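Please open the structure in your viewer and keep the selection tool at hand. The stops below can be followed one after another.

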Amino acid sequence: MINSPHKKNIIPLYATAIAIAAMAMALQGCHHAKEEPKDEKFEVTDSLLNSLLIDTVKEASALSEINLTGSIAADENKTVKIYPMVSGVAQNVQVQLGDVVSSGQTLAILRSAEMAGFTKDNISAEADLRSAKRNFESTEDLYKSGLASQKDFEQAQSDYKKAEAESKRAGAVVSINKSNDQGYLVKSPIAGFVIEKNLADNTQVRADNSANLFTIADLSDVFVLINVYESDISNVQVGDPVKITTLSYPDQVFNGKIDKVYDILDPDNKVVKARVKIENPGNKLKPGMFAGVKIKAKSGENLPVIDTRSLIFDNDKDYVVVVDGKAKVHIQQIEIGKRVEDRAYIKSGLKPGDRIVASRQLYLFESLKN
């Protein structure tokens, strides 16, 4: 059989067409394989928003924290200095520095010649009073009977009143200067702690000495005297909240408020004293202790304030997630003016009344950012 030249040309044409069709189908398949589905935009649902904590931006005066030092001091209204009322020699000193004493407790005994004289004067005054009383009563009866003159009656009456006054005076001296058979008793007028002691056995005591024998203080409340430097005086005011720590109890914070700012500047240290009265449970705080003081002072600015738990920090900037309405939120960049503990005062980006997300806000931030 003889092949036609025309037929030979047809076969290569069919093969070429088939190859082109196969290549087209392969290219179309590759194009569809590379095509990816479009990402769906993140949306906040009602159920998600309802599960989140939402804070409201508040308006408040910004506070600045001032760190100062101070010392513990006894409440001067509950502190008593005990001075000797008589001269003598100390014996039987019964308390030591730091002891707890009760009201009326005997602290020491003085052997005193003056006390013996006070006792003698009291006994004599009582005897004179009895004698003057009898004389007055007798003269009064005679005067009523016409047997004594008015002058005699008035003299007897005057003598009786003088004796009565002297007896009261002598009795008061003995009453103030308590004593027993051993001598003059030095007693505590209040309950508290012995925070100063200047007396030992066999010490000679003089009534005209300006030094006190003991100082007793009730330490249920104490003062903290704060050293306010000249540069901080204008920022510290009565009523400012204060947190106090001590070296002895570094983990315990004592809270109070400034109740007095003194008007006198110490010329040497250039400080003004401010005072805080605080409760002293268990009498832990002792006069003379060093105190670290943090004062929240008002700056005079009115800035919106939020809880720092709502903040998001990203690329050296601060953000929050703001709730626009039902299931609508957006990222808001903010500028922080001040931070005080767990509060942030917002200089720009928020206003009082705005609602912000306070839980899972980092998750929302990352989802909304993409």
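Predicted model: local features only at pLDDT ≥ 70, side-chain atom pairs only at ≥ 80, totals over all residues.

Begin by selecting Val224, Ile226, Ile244, Val276, Ile278 and Ile295, which are the residues with the most contacts inside the largest nonpolar core, a set of 25 residues. If you then colour the strands β2 (58-74), β11 (221-229), β12 (241-246), β13 (254-265), β14 (271-279) and β15 (290-307), you will have marked elements that each supply at least two residues of this core.

Stay with Ile244 for a moment and show its surroundings: leaving out residues up to four places away in sequence, Ile244 touches Val224, Gln252, Val253, Phe254, Val276, Ile278, Ala291, Gly292 and Val293. Next, select Ile82, Ala90, Leu213 and Phe214, which are included in a second, separate core of 18 residues.

Now turn to the open sheet, where four strands follow the order β3-β10-β8-β5 with antiparallel pairing. Its edges are β3 (79-82) and β5 (100-101), and each has a single partner strand, so one side of each is left without a neighbour in the sheet.

Finally, select Asp240 in the loop between β11 and β12. Is this residue, Asp240, buried or exposed? Asp240 is buried, because its relative accessible area is 6%, and buried means under 20%. A polar atom of the Asp240 side chain lies 2.9 Å from the backbone nitrogen of Gln237. Beyond its neighbours within four places in sequence, Asp240 is in contact with Asn235, Gly256, Lys257, Ile258, Ile295, Lys296 and Ala297.

Conventions:
Residues numbered from 1 in each chain as written. Heavy atoms only, no water. Core = buried A, V, L, I, M, F, W, Y, C linked by side-chain atoms within 4.5 Å. Buried < 20%, exposed > 50% of the residue type's maximum accessible area, 1.4 Å probe, protein only. Contact = heavy atoms within 4.5 Å. Pairing = 2+ DSSP bridges. Polar contact = N/O pair within 3.5 Å; in protein donor to acceptor, adjacent residues only side chain to side chain.
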